[in-house]
Amino acid sequence: MSSVTVRKVRKSFGAVEVIHGVDIDIADGEFVVLVGPSGCGKSTLLRMIAGLESVTRGAILVGERIVNHLPPSERDIAMVFQNYALYPHMRVKDNMAFALRLRGMPASEVEERVGRAAEILGLAPYLERYPRQLSGGQRQRVAMGRAIVRDPQVFLFDEPLSNLDAKLRVQMRTEIKELHQRLKTTTVYVTHDQVEAMTMADRIVVMQDGRVEQIGEPLEIFDRPANLFVAGFIGSPSMNILKARMDGGEAAVQVEDIRLPIAGTHGVEHGQPIMLGIRPEHLELADDGFPARISVVEPTGSETLVFVNFAGNDLVALFRERHSFRPGDTIRLRPRPDQVHLFHAETGQRL
């Protein structure tokens with residue numbers, strides 16, 4: 001196993017720069033997830049670590065070795081792709097063994113490694129089947145098995161669950177996390193799904209437009225987003241954002257003509273315009289809250305999402321208790337004072 005270091009890496013396609021000086025340190029044995037919207041550069045960065053894309057400037061290290069100019073075969077990494085990339089004319093055991101046979105590994109060792117990986121992934125009953133005879137989840141396990149048998153220093157996953165249905169995605173992300181806990185291999189995982197990132201990662205790297213917005217543990221990023229982009233991207237449903245002004249005389253903010261108490265002044269001057277962030281689960285019913293007109297109610301069983309409008313702002317509240325809300329009703333909501341987030345009105349940075 002090895003650490004992975006991304007040091008001031010830039011990537012350009014012609015005159016267009018798509019990765020802008022990214023710095024990431026991934027410790028030996030760590031599971032790091034690169035997350036962000038489509039086009040943010042996360043897959044491009046992963047492909048540069050793999051050696052499938054060149055580095056325009058900067059350096060990528062696997063362990064202490066700079067690998068910028070090494071071909072993928074010499075980087076001691078294994079990659080699992082979104083589309084599985086299995087050979088349709090080969091049986092499962094031959095797909096898993098292919099890279100080992102190319103290396104000239106003895107047949108007995110190949111068989112041992114394939115058998116061990118098959119046991120880990122629950123593939124032993126399917127070794128004689130062809131990919132067309134497998135379900136989507138089983139094909140993904142074969143792709144993972146092909147990576148495991150190589151015993152690499154680093155695993156790379158490029159949105160491996162995107163082609164699976166919702167129930168199978170939940171099952172597979174648990175299996176991948178359990179696999180990492182067993183093998184302790186350094187893992188870099190790319191996804192656009194922030195729920196995958198939150199549930200799987202030791203640390204998350206949030207990216208936007210080829211830049212790193214924040215790096216941290218999942219709950220750290222959820223509880224203290226560095227800026228408005230991270231606040232809106234991490235969390236499902238996403239954080240509610242309101243324009244507000246600081247009421248310096250008290251620990252409170254003004255939203256329209258409504259005064260909302262908060263815990264502390266956060267060093268913000270009286271009258272300063274700010275952006276107020278409130279997660280849906282931190283809005284509660286209160287007689288002294290602001291009036292909000294219900295537009296849609298979405299019961300999911302364990303919780304209810306209530307979409308409301310307040311002074312032209314569309315907000316979402318999440319309740320775990322059951323209520324008889326109906327569209328058109330007006331309810332009064334108040335944020336929990338100790339759970340609000342303040343952001344600079346112009347820069348979007350956390351205050």
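Predicted model: local features only at pLDDT ≥ 70, side-chain atom pairs only at ≥ 80, totals over all residues.
View 1. Tyr-84 is buried, with a relative accessible area of 10% (buried means under 20%, exposed over 50% and partly exposed in between, with a 1.4 Å probe and protein chains only). The residue is found in the loop between β6 (77-80) and α2 (92-102), where helices (H or I, at least four residues) and strands (E, at least two) are DSSP runs numbered from the N terminus. Residues are numbered from 1 along each chain as its sequence is written, and side-chain values use heavy atoms, with hydrogens and water left out.

**View 2. Ala-311, a partly exposed residue with positive phi.** Ala-311 is found in the loop between β16 (304-310) and β17 (313-319), and its phi is near 50°, a positive value in a residue other than glycine. At 45% relative accessibility, Ala-311 counts as partly exposed.

**View 3. The cis peptide bond between Ser-236 and Pro-237.** Ser-236 and Pro-237 are joined by a cis peptide bond with omega of about -5°, and Pro-237 has its place in the loop between α8 (228-233) and β11 (240-247).

View 4. The unreviewed UniProt entry places the feature "domain: ABC transporter" at residues 4-234; UniProt positions are in the numbering used here, feature names are shortened, and annotations may be inferred rather than shown by experiment. The end C-alpha atoms of residues 4-234 lie 24 Å apart, and the span is 37% helix and 26% strand.
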